[in-house]
Number of protein chains: 2
Amino acid sequence: MLSTIIPLHGTLYFEQTMKKNVSIEKRKTFRHGDLRNALVTAGLEMARAGGPNAVILREATRQAGVSPNAAYRHFAGQAELLDAVRSACLSRVAASIEDEMKKHKAGRDPQAFARKSLRAVGMGYLGFAVREPGMFRTAFSVPPPVHSPDPANTASMGLNPFQLLSLALDRMLDSGLLGKKDRQDAEYLAWSTVHGLALLALEGPLHKMPREMVLALGERLVVMVERGLG
Amino acid sequence: MLSTIIPLHGTLYFEQTMKKNVSIEKRKTFRHGDLRNALVTAGLEMARAGGPNAVILREATRQAGVSPNAAYRHFAGQAELLDAVRSACLSRVAASIEDEMKKHKAGRDPQAFARKSLRAVGMGYLGFAVREPGMFRTAFSVPPPVHSPDPANTASMGLNPFQLLSLALDRMLDSGLLGKKDRQDAEYLAWSTVHGLALLALEGPLHKMPREMVLALGERLVVMVERGLG
DNA sequence: CTATGAAGTAAACATCGTCCACATAATCTA
DNA sequence: TAGATTATGTGGACGATGTTTACTTCATAG
């Protein structure tokens, strides 16, 4: 029967987006198979290119080769899609920090290791911000409470950026670089500095500052934190 | 003639927004008289309530009792309106900093004065962020380059937030608290810290942190900057 | 084999920003 | 003072977005 191949009602969303959109495989099955993922992936690409405001629900469905409303089978609305995209962005941030941390192994000098760890967190964070501005801005755009152990936010080590920072600060404490009192809530102090620089440079008044200078400032910033915390 | 009171074509935009919108004076004159200002004011109120994304051009015209397109006689588009609103927000920030700075007069101890100035800048900044989250987020949402001596951005002293910070840092330098080398670009370092805390607390993962704690962290942060810069 | 429910589709609505053509009135000039 | 000019608003339209409601398709469980 023809109706099994060419549906009576559904036109399977072909022609209308034949401008120059890539990657629209004319799906032949009625079911997409992996739509939720496809939407998040599309959204992630939009976030990469234009930040949180650029993740458009309809556009995501378009890229997935699906009707706009199909999205509503997987997300309650645009906000929820954005949430999923944000989670994806967050784990990229975590991955970047991990990469930076892995560059230094624990040696004989625990204090040196602790310092390197803290720097790695800061620079991994800033590095990602500079490398992937859109994703970074998306990751921290709208409030997902910090104490959510959402596994989607974590990279290979299973820690989110905040937890990675805590780890580095604990090393400072353990190696005697930080007093117990100063360790208290130090996450927020350290985090604020790099986050602030990142946003000032990405979507703030320092917008036109060249990346190298941002990173150079970042180095000074981390040193400042190191000295200032103690 | 009636046509001078009741225009042939124009209905003067009455009834359609009779939901519960306040402050729509049924203007009787064809000219509004001060539309540009009215639009900015309306936009500012929206920014206050919902941040940059909430400043809607059409809504502004509605509140001004005017047709949507009337806005285009004063702004090239929504972006330009937002720009004007942002400028207004920026000068509020500056005003808040000034208020904080004025609390301390220069006394016999220049170093103490310098410290107090730096703290005042930081806490004035953070205080405004906590008090007026929407305006704060709007002020620093999209990139107006930092070195714009736009008089609209300045408060009574004629300095924008960045310049006020520079002033405080100069006092640190002059009083010997800061070396010439460390003074270099210290604005960016100090700014990053408070800006970061503000954004983490407003639209970031620290969203639910109570305001008092944010300000308490702010105090520690400023101390950290003071120690870390030197 | 069928019925049930998950996944997609279609068509519509409201809202937004923006463009075009036109109307109105304040002001400038003759 | 009359007439032309020009700044300021209006109306209507277009395309895009998010979202709702009712319908269709089809995989699979019993």
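This is a predicted model: local features need pLDDT of at least 70, side-chain atom pairs count only at pLDDT 80 or more; totals for chains, interfaces and linings use all residues.
Across the interface of chain A and chain B, 9 residue pairs are in polar contact, both residues of each pair being at pLDDT 80 or more. The count of salt bridges between chain A and chain B is 0.

Next, select the side of chain A that touches chain B. The elements that give two or more residues to this side are α7 (180–183), α8 and α9 (211–229) of chain A. Colour α8(A) separately: its share of this side, 10 residues, is the largest. By class, the residues of this side of chain A divide into 21 nonpolar, 11 polar and 6 charged.

Now show both partners together. Chain A brings 38 residues to the contact and chain B brings 39 residues. The area buried between the two chains is about 3,200 Å², and carbon and sulfur atoms give 69% of that area. To see where chain A loses the most area to chain B, select A:L189, A:P205 and A:M224, which together account for 18% of what that side buries.

The last stop is the largest pocket, with a volume of about 650 Å³. Which residues lie nearest its centre? Select A:P52, A:N53, B:P52, B:N53 and B:E203, which belong to a lining of 27 residues. The elements that give two or more residues to this lining are α3 (78–102), α5 (133–139) and α8 (186–202) of chain A, together with α5 (133–139) and α8 (186–202) of chain B. Highlight α8(B), from which the largest share of the lining, 3 residues, comes. Coloured by class, the lining shows 14 nonpolar, 9 polar and 4 charged residues.

Note on methods: Residues are numbered from 1 along each chain as its sequence is written. Chains are lettered from A and ligands numbered from 1 in the order in which they are written. Side-chain values use heavy atoms; hydrogens and water are left out. On a 1 Å grid over the protein atoms alone, a cavity is a set of points where a 1.4 Å probe fits but cannot get out, and a pocket is an open set with protein on both sides within 12 Å along at least five of seven lines; lining residues have an atom within 4 Å of a point. Grid points are joined across faces, edges and corners, and a volume is the space filled by probe spheres set on the points. Helices (H or I, at least four residues) and strands (E, at least two) are DSSP runs, numbered from the N terminus. Ala, Val, Leu, Ile, Met, Phe, Trp, Tyr, Cys and Pro count as nonpolar, Asp, Glu, Lys and Arg as charged, and the others, Gly among them, as polar. Contact means heavy atoms within 4.5 Å. Buried area is the accessible area (1.4 Å probe) that two parts lose on being put together, summed over both. A salt bridge is a side-chain nitrogen of Lys or Arg within 4 Å of a carboxyl oxygen of Asp or Glu. A polar contact is a pair of N or O atoms within 3.5 Å; within protein, one must be able to donate a hydrogen and the other to accept it, and residues adjacent in sequence count only if both atoms are side-chain atoms.
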